[in-house]
Amino acid sequence: ARQMLAPLLIAGGCALLQRPRLLQASAPQSLRLAASPLAQVPAAAPAPAAAQPPASSGKKGKGRLNIRIDDEWYDLTNWRAAHPAGTHWIDAYNNSDATEVMYAFHSDKAISMFKRLPNSRAPPEGIAPPSASTYAFRELRQRLVEEGWFKIHPLGELQKLAPWSAVTAAGVWLARRSGFWSAFAGVVCLAIGNSLAGWLSHDYVHGRQPFAWAMRGFGELIGGMSTTWWSNKHNMHHALTNEVGYDEDIALDPALHLWAPDPRHDTLPWLRQWQHVYWPLPYSILFLYWRFDSIRYVLKDKKWGEAARLAAHWAAFSALVPFRLLLASVWLSGLITATIVTVTHQSEEIFLGDTLRKYDFVEAQFRSTRDAKCNNWFSDVLWGGMQWQLEHHLFPTMPRYRYPALSKVLAQFASENDLTYRVTGEFKIIGDNVALLKKIGQGPQQPGNPNSEPLFKQV
């Protein structure tokens, strides 16, 4: 089944708590970024456009998984299978530099073990060194680590949980009352609560602190989705954002087209011209689709702990809320969440053809990601930190309440490294996505363009 991720549109709702300021005043001191001493390093050459999974043979060299980390080549052929979290995205980085992604996905303890990995006996030749901006980014990350930006704060964690618990409780209370308007308000509040639960689950899966590990089951118990299934899918999106054939979050065709389709793949051209009108219909099924996929995944892969938590989720919420209202709230929550998670990427650069795997990780994130400027406390709560999308993609294990202060640091970093820091108001960014759908929907076909079939489908 094709992933039905989504862009656009914020649904109204109900929030009971004011905007959490989340320690902005006490955030670690801002950085004065000096020019990198490595500024003369040559720019990186394009990476391979279609890396293939390494063979599992025992022969050295050919068929091996060679990855560069901190300018050292490692052979991860055997490590990939033994990795506790699975192979994930790593095969797509064969014969490439994976430093930024390896640091982004791993805990301090795991990072300290990188040097223990086996060195490549036959590293690939002709791979250019990282760009100057990449070396500057590594310096920046190290400074942020030393200044404590990745440490969680109890007050920040409580302020993330408070809006979810309040709006969910209100939704349950309203849904159990009689009358149309009580039911309607209950559905809206439950939908917002479900979206906020999704953001919390997202934080706990990305987090590498003990608290995040302890809360990991929140995804199944409250969010109703398998955390392992979601992590497998989501990590590729982070590792290769907007790369056609890799990032499943842009694999929407034939329901929606984000780039001009080849005539062979344009199966419904008469419908495509209306995609800027009908987009809410496929996107509203996001969470229903994810929940179905989660159940299928945990049963197929025998994740019995996650399966038990999913069963407890459905049993508890079905007992608390009339089932028809529960399904309606999940449908509405899919629309809300789909809007937020996609508008910050889909109207930015999508990499295909000559631009596929052309840029290193840091530049690709700046090109494919745009922040959304929220205009009020309700939007700040509803967006769940995803308004700081660039900050999150570059530093996914950092607590989201650090992102407002970090945004100023990244804006300065961009200006010093010939990069563009992109930010647009929350409603304009939605309008830009609708305009893109209309432009592509009513535009001509493009012979030779690929469809979005993933080369490295994770789940």
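Lys-302 is found in the loop between α13 and α14 (304-320), where helices (H or I, at least four residues) and strands (E, at least two) are DSSP runs numbered from the N terminus. Although Lys-302 is not a glycine, its phi is positive, at about 60°. The model is predicted, so local features need pLDDT of at least 70 and side-chain atom pairs count only at pLDDT 80 or more, while totals for chains, interfaces and linings use all residues. Residues are numbered from 1 along each chain as its sequence is written, and side-chain values use heavy atoms, with hydrogens and water left out.

Another loop, between α9 and α10 (269-272), holds Pro-254. The peptide bond from Asp-253 to Pro-254 is cis, with omega near 10°.

The strands come next. Three of them form an open sheet of mixed pairing, in the order β2-β1-β3. At its edges stand β2 (72-75) and β3 (96-97), each with a single partner strand, so one side of each has no neighbour in the sheet. Two strands are taken to pair if DSSP finds at least two bridges between them. Strand β1 (residues 66-69) pairs with β2 in the antiparallel sense over four bridges, and Ile-69 stands opposite Glu-72 in β2.

Arg-138 and Asp-97 meet in a salt bridge, at 3.2 Å from N to O; the term denotes a side-chain nitrogen of Lys or Arg within 4 Å of a carboxyl oxygen of Asp or Glu. This pair links distant parts of the chain, with Arg-138 in helix α4 (residues 132-146) and Asp-97 in strand β3, 41 residues apart. The whole structure holds 18 salt bridges.

A cavity is a set of points, on a 1 Å grid over the protein atoms alone, where a 1.4 Å probe fits but cannot get out, and its lining residues have an atom within 4 Å of a point. Grid points are joined across faces, edges and corners, and a volume is the space filled by probe spheres set on the points.

Two or more lining residues come from each of α6 (180-206), α9 (227-239), α13 (286-300), α15 (323-342) and α18 (389-394), and α6 gives the most, with six. By class, this lining has 10 nonpolar, 14 polar and two charged residues. Here Ala, Val, Leu, Ile, Met, Phe, Trp, Tyr, Cys and Pro count as nonpolar, Asp, Glu, Lys and Arg as charged, and the others, Gly among them, as polar.

About 170 Å³ of space lies in the second largest cavity. Among its 21 lining residues, Lys-160, Asp-203, Met-398, Pro-399 and Arg-400 lie nearest the centre. At least two residues each are supplied by α5 (154-175), α6 and α7 (210-214). Again α6 gives the most, here with four residues. The lining divides into nine nonpolar, eight polar and four charged residues.

On the surface, Ile-285, Leu-288, Phe-323, Leu-327 and Trp-331 form a nonpolar patch with about 410 Å² of accessible area together. Such a patch joins nonpolar side chains (Val, Leu, Ile, Met, Phe, Trp, Tyr) within 5 Å, from residues with over 30% relative accessible area and no salt bridge; accessible areas come from the Shrake-Rupley method with a 1.4 Å probe, and for residues only the protein chains shown count as cover. Helix α15 gives the most to the patch, with three residues, whereas Ile-285 belongs to the loop between α12 (280-283) and α13.

How values were computed
On a 1 Å grid over the protein atoms alone, a cavity is a set of points where a 1.4 Å probe fits but cannot get out, and a pocket is an open set with protein on both sides within 12 Å along at least five of seven lines; lining residues have an atom within 4 Å of a point. Patches are made of residues with over 30% relative accessible area and no salt bridge: like charges are joined within 9 Å, nonpolar side chains (Val, Leu, Ile, Met, Phe, Trp, Tyr) within 5 Å.
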